[in-house]
Amino acid sequence: MESRRLEPARWELAAAAADELKSFAANVGAGVPRKALGNLSYAAFHLVQALLASRGVSAHTLNGVQVAFSLHFVKSGAVSKSAAKLFSELQAVRERADYQVELAYDAGDVRRHLETAQSLMEELLAAAGATRGLDPRAVRAAWSAASASTLPSRSPRRRGPARRA
């Protein structure tokens, strides 16, 4: 009974990850780096949630997802410790982008974090591909499109003097 209830959640969470990657590409195209960074983080978050759901684990908070991810995927060796560290770093970037509005972000910041996210997303997609009942094709396609996105060379700064993120 439990697995039947979780079945739609896997697909919905994987679809949410793909949607976030599409939003990332749109925000990159619109020159909105702060939102693009959030989209990148949420894509990884939802993909990790989908992986957890595939093992019958439900976690909804950032801390809960990180702990469960470490317990069920990192400790088992399905995902590397470096991927778990990158996941945490990406979440920290999103929190800074969301809550420290005095920080200015530009195309270089997005490119740097996109490069950092590359190995994380590759590991998450590999784990998803090896997971019964979880088809990562839509997420993989959205990741390919997102990673090909480029920001204009200069993004407008929003508030006050620039402080680097």
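Me: Where is the kink in α5 centred?
Reply: The kink in α5 is centred on glutamine 118. Its angle is about 35°. Keep in mind that this is a predicted model.

Me: What happens at the start of α5?
Reply: Look at aspartate 106 there. One of its side-chain oxygens reaches to within 3.0 Å of the backbone nitrogen of glycine 108.

Me: Which residues of α5 are buried?
Reply: Check the relative accessible area; buried means under 20%. In α5, the buried residues include Val110, Leu114, Leu120, Met121, Leu124 and Leu125. His113 and Asp109 are also among them.

Me: Now for charges. How many salt bridges are there?
Reply: The general idea comes first. Side chains of opposite charge can pair when their charged atoms come close. The cut-off here is 4 Å between nitrogen and oxygen. By that rule, the count is four salt bridges.

Me: Which residue forms a salt bridge with glutamate 89?
Reply: Lysine 85 does. The closest N and O atoms of this pair are 3.9 Å apart.

Me: Why can residues four places apart point the same way?
Reply: An α-helix has 3.6 residues a turn, so residues three or four places apart point the same way. Now take the case here. Glutamate 89 and lysine 85 are four residues apart in helix α4, residues 81-99, so about one helical turn separates them.

Me: Are these two residues buried, partly exposed or exposed?
Reply: Lysine 85 is exposed, at 54% relative accessibility. Glutamate 89 is partly exposed, with a relative accessible area of 34%.

Me: Which residues are linked with Arg94 in a network of salt bridges?
Reply: Glu95 and Asp98 are linked with Arg94 in that network. Take the pairs in turn. Arginine 94 meets glutamate 95 at 3.8 Å, N to O. Between arginine 94 and aspartate 98, the closest N and O atoms are 2.8 Å apart. Arginine 94 and aspartate 98 both lie in helix α4, four residues apart, about one turn of the helix.

Me: Is arginine 94 buried or exposed?
Reply: Arginine 94 is buried, with a relative accessible area of 8%. Glutamate 95 is partly exposed at 34%. Aspartate 98 also counts as partly exposed, at 28% relative accessibility.

Methods: Residues are numbered from 1 along each chain as its sequence is written. This is a predicted model: local features need pLDDT of at least 70, side-chain atom pairs count only at pLDDT 80 or more; totals for chains, interfaces and linings use all residues. Side-chain values use heavy atoms; hydrogens and water are left out. The bend at a residue is the angle between axes fitted to the seven residues ending there and the seven starting there. Helices (H or I, at least four residues) and strands (E, at least two) are DSSP runs, numbered from the N terminus. Buried means under 20% relative accessible area, exposed over 50%, partly exposed in between (1.4 Å probe, protein chains only). A polar contact is a pair of N or O atoms within 3.5 Å; within protein, one must be able to donate a hydrogen and the other to accept it, and residues adjacent in sequence count only if both atoms are side-chain atoms. A salt bridge is a side-chain nitrogen of Lys or Arg within 4 Å of a carboxyl oxygen of Asp or Glu.
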